[in-house]
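The following note sets out numbered points for a colleague who has the model at hand. Please read each point against the coordinates.

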Amino acid sequence: MINIKMVGIDHSKATIEYRELFSFTKATAVAAMQRIRAEFGAAGCVLLSTCNRTELWLSYDTEPAKTPYEILCAVKGASPCDYESYFVERSGRDALCHLLHTSCGMKSKVFGEDQIITQVGEALALSHGCGCADSVLQRLFRTAVTAAKRVKTTVHLTALDTSVATRTVELLASELVSLEGVHCLVIGNGEMGRLTAKALVEQGCDVKMTLRRYKTGDVIIPQGCSVVPYDDRLKELASCRVVVSATTSPHHTIQYDEALPYLDGSPKLLVDLAVPRDISARLSDVQGVQLYDIDSLGGASVTEAENAGVALANGILEEYRDDFENWYYFRELVPKINDISALAALDITGRIYKSIQRLDIDAREQEQLRRLVENASVKVVGKLMFGLRENLDRDKWQDCIQGLEKAVQS
């Protein structure tokens, strides 16, 4: 059994109102992971928090006293009784397969979207950076990212352009007669904001992007966009036809009371791509305002029967699943392999030591040669035994290692 557990809430079972209750910024994710390591007996943990999902991943040596769901509720200060129906827990191979499919965008609201690969990698980097990712979770997440990249370069999962930015443009195009020359404000200059701004520019929109501060080299502004200070966003609201907000802020970028003086009843299309949400939901009741959130973008409903690439993708993911499982189960044998390598090296150096002593070299050089032979023997024997992982069925590993151990000790 692979000692990995996860719990997740996502778009398939929960609306944005519930997902945002369990979302994390980078800072709050670091604090939560460090608390989990300190208080709940996890060997490692990773928090994956995106617009569509929050997942807590745990590896452990001893079964934790609390379930992943109970741990997540504890760090969020939520009652486990209130939200359980929105979550799914997985463990072992089920969890492994889930991460592989998730990383390919095969469980995203927009089927096959690419951004999730980056998000999975960033979740691991954040955990590793704060000392919370053990070797198991590092291997797991790196395997998932590598598998997803291979799928993306070899399989056409969907004929649709699946980026959130493109879906946003499609939404706007369905609501407006033309996007040419439409005044748009994009709040937030992270990846989502930049992608959306670039997509709007490509459609002929007049796009402005907010920045909290501007220093050459610190930020990337898509070509064709102009820059306005973040503090001027409400003034821009008055003159813009479209506002897209895509920040990682835990607070509203457009609050109801602050925005009202700048809304005169003229048509405004507000698109909130953030989780938790950037724009006050109360603004949907204001005359002239149309407010959309990330759930309004919909997604590509793709089944295996409708997408021939899915079967090929699943075949690739099975290879990486087997690769991870082989690594995981073989690592339990590593201490014995090291012991066998050391014993074999001692046996080899013992057999040739008299020959070394006969050489016309001084005692110091004899010792150096002995150590070189011993080290080389350890590496060669170890390489041979690690080769078992690639060339022998998993159910024969244990017997083979035990046989070698007895042989080297005899």
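1. Helix α6 supplies five residues to the lining of the largest pocket, the largest share. The elements that give two or more residues to this lining are α2 (26-39), β2 (44-49), α6, α9 (191-202) and β6 (206-211). Helices (H or I, at least four residues) and strands (E, at least two) are DSSP runs, numbered from the N terminus. The model is predicted: local features need pLDDT of at least 70 and side-chain atom pairs count only at pLDDT 80 or more, while totals for chains, interfaces and linings use all residues. Residues are numbered from 1 along each chain as its sequence is written, and side-chain values use heavy atoms, with hydrogens and water left out.

2. The volume of the largest pocket is about 1200 Å³. Its lining comprises 40 residues, and Lys26, Gly190, Glu191, Thr247 and Thr248 are the closest to the centre. By class, 19 lining residues are nonpolar, 13 polar and eight charged. Here Ala, Val, Leu, Ile, Met, Phe, Trp, Tyr, Cys and Pro count as nonpolar, Asp, Glu, Lys and Arg as charged, and the others, Gly among them, as polar. On a 1 Å grid over the protein atoms alone, a pocket is an open set of points with protein on both sides within 12 Å along at least five of seven lines, whereas a cavity is a set where a 1.4 Å probe fits but cannot get out; lining residues have an atom within 4 Å of a point. Grid points are joined across faces, edges and corners, and a volume is the space filled by probe spheres set on the points.

3. How many cavities of 30 Å³ or more are there? The count is one. The largest cavity holds about 170 Å³ of space. Of its 16 lining residues, Cys51, Asn52, Glu113, Gln115 and Val164 lie nearest the centre. Helix α6 (residues 115-129) gives the most to this lining, with three residues. The lining of the largest cavity divides into seven nonpolar, six polar and three charged residues.

4. The structure holds 10 aromatic pairs. Rings of Phe, Tyr and Trp (its six-membered ring) pair if their centres lie within 6.5 Å; planes under 30 degrees apart count as stacked, over 60 as edge-to-face and the rest as tilted. Tyrosine 18 and tyrosine 83 form an edge-to-face pair, 6.3 Å centre to centre with 65° between the planes. Because tyrosine 18 lies in helix α1 (residues 16-19) and tyrosine 83 in helix α4 (residues 80-83), this pair ties together parts that are 65 residues apart in sequence. Tyrosine 18 is partly exposed at 30% relative accessibility, and tyrosine 83 is buried at 18%. Buried means under 20% relative accessible area, exposed over 50% and partly exposed in between (1.4 Å probe, protein chains only).

5. Tyrosine 328 and tyrosine 329 also pair edge-to-face, because their ring centres are 5.5 Å apart and their planes stand at 90°. Tyrosine 328 is buried, with 2% relative accessibility, whereas tyrosine 329 is partly exposed at 22%. Elsewhere, ring pairs link Tyr18, Phe22, Tyr69, Tyr83, Tyr86 and Phe87 into a cluster.

6. Charges over rings deserve a separate entry. The charged end of arginine 282 sits over the ring of tyrosine 256, 3.8 Å from its centre. Lysine 76 lies over the face of phenylalanine 24, at 4.3 Å from the ring centre. The criterion is NZ of Lys or CZ of Arg within 6 Å of the ring centre and within 35 degrees of the ring normal.

7. A search of the whole structure finds zero disulfides, a disulfide being a pair of cysteine sulfur atoms within 2.5 Å. Cysteine 240 is in no disulfide either, and its nearest cysteine sulfur, in cysteine 184, is 7.2 Å away. Cysteine 184 is buried at 1% relative accessibility, and cysteine 240 is buried at 4%.

8. The peptide bond from valine 275 to proline 276 is cis, with omega near 0°. Proline 276 is in the loop between β9 (268-272) and β10 (289-293). In general, most peptide bonds are trans.
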